[in-house]
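Look at the fold before reading on.

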Amino acid sequence: MGVRKRLMAAIVFQFHRPHGLGGRLAGWEMALRPSNRKRNRWAVGLLGVQPRDCVLEIGFGPGFAIRELARRASDGLVLGLDHSEVMVRQATARNRAAVEQGRVELRLASAVDLDDFSDTFDKVLAVNNFGMWPDPQLRLRELLGAVHPGGRVAIVSQPRSPGATAATTERIGRETAEQLQEAGFINVRREILPLRPPVVCVLAETPEERTQ
Ligand SMILES: C[S@@+](CC[C@H](N)C(=O)[O-])C[C@H]1O[C@@H](n2cnc3c(N)ncnc32)[C@H](O)[C@@H]1O
């Protein structure tokens, strides 16, 4: 692999699992970039978080959405899972007061740990990391079991690969909706935020009655 390709791969990896100084820089970039902030604020608004909700965010990165979620779940709990130590540190610093009050808990953990939770959450958010989960179909089935009947999940994607367009967003949204349906979620619908490229938020609910 040439130097340029290796450099690009290293940069991309910093957004998949930020580490070291490069990871800290990637975290600051994600926290400050206006489109990231807009995307996260919009997604949290669509989730319809209530004051007493127990909310999970997977892949919280620098913790911008965690702050917005905690503001809404004022008498509830926000739990975050991210597999990057650097992101856990940055997000903890960004949400220090709520962490100290016990309203926010940020864990070094992965989407593969979803099986540890059963009927725990009212709402779940994942922004720009669903495409990074190993075996996403299995993860979605585990997620279904982790959410209360009638709970809601929001899976949000803004493609960041070079050359991504509205068509890329459309395809990702359609595929995510199909995967959620296949895993057993109901009332699956898509919302679009017209940034460049557009953001898709796929919303879905867990059925009141479980089939298994
Ligand atoms: C591109 S960043 C997005 C961060 C944040 N959600 C945002 O929109 O600003 C992806 C984040 O997801 C985390 N991540 C990726 N795969 C993960 C997995 N399998 N389990 C937990 N976290 C994961 C990464 O460590 C990183 O913090």
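The buried residues of α7 are covered by elements that include β4 (121-127), β5 (147-157) and α8 (166-183). Covering here rests on contact, meaning that the C-beta atoms of two residues, placed from the backbone, lie within 7 Å. Helices (H or I, at least four residues) and strands (E, at least two) are DSSP runs, numbered from the N terminus. The model is predicted: local features need pLDDT of at least 70, side-chain atom pairs count only at pLDDT 80 or more, and totals for chains, interfaces and linings use all residues. Residues are numbered from 1 along each chain as its sequence is written.

Which residues of helix α7 (residues 136-146) are buried? They are Arg139, Leu140, Leu143 and Leu144. They lie on the same side of α7, because they cover an arc of only 145 degrees around the axis; the arc is that of the directions from the helix axis to the C-beta atoms. An α-helix has 3.6 residues a turn, so residues three or four places apart point the same way. A residue is buried if 20 or more other C-beta atoms lie within 10 Å of its own, exposed if 12 or fewer, and partly exposed in between.

Phe117 gives a case of the middle class. Phe117 is partly exposed, because 18 other C-beta atoms lie within 10 Å. Its place is the loop between β3 (104-108) and β4. The C-alpha atoms of Phe117 and Val147 are separated by 8.4 Å, although the two residues are 30 residues apart along the chain.

Leaving aside residues up to four places away in sequence, Ala65 touches Asn40, Ala43, Val44, Glu57, Phe60, Leu125 and Val127.

The ligand has 24 residues around it, and Gly59, Gly61, Ser84, Asn129 and Met132 come nearest; a residue counts as near if its C-beta atom lies within 6 Å. At least two residues of this shell come from each of α1 (3-16), α3 (34-47) and β2 (77-82).

Finally, consider the whole protein chain. The chain has eight helices and seven strands. Of its 212 residues, 42% count as buried.
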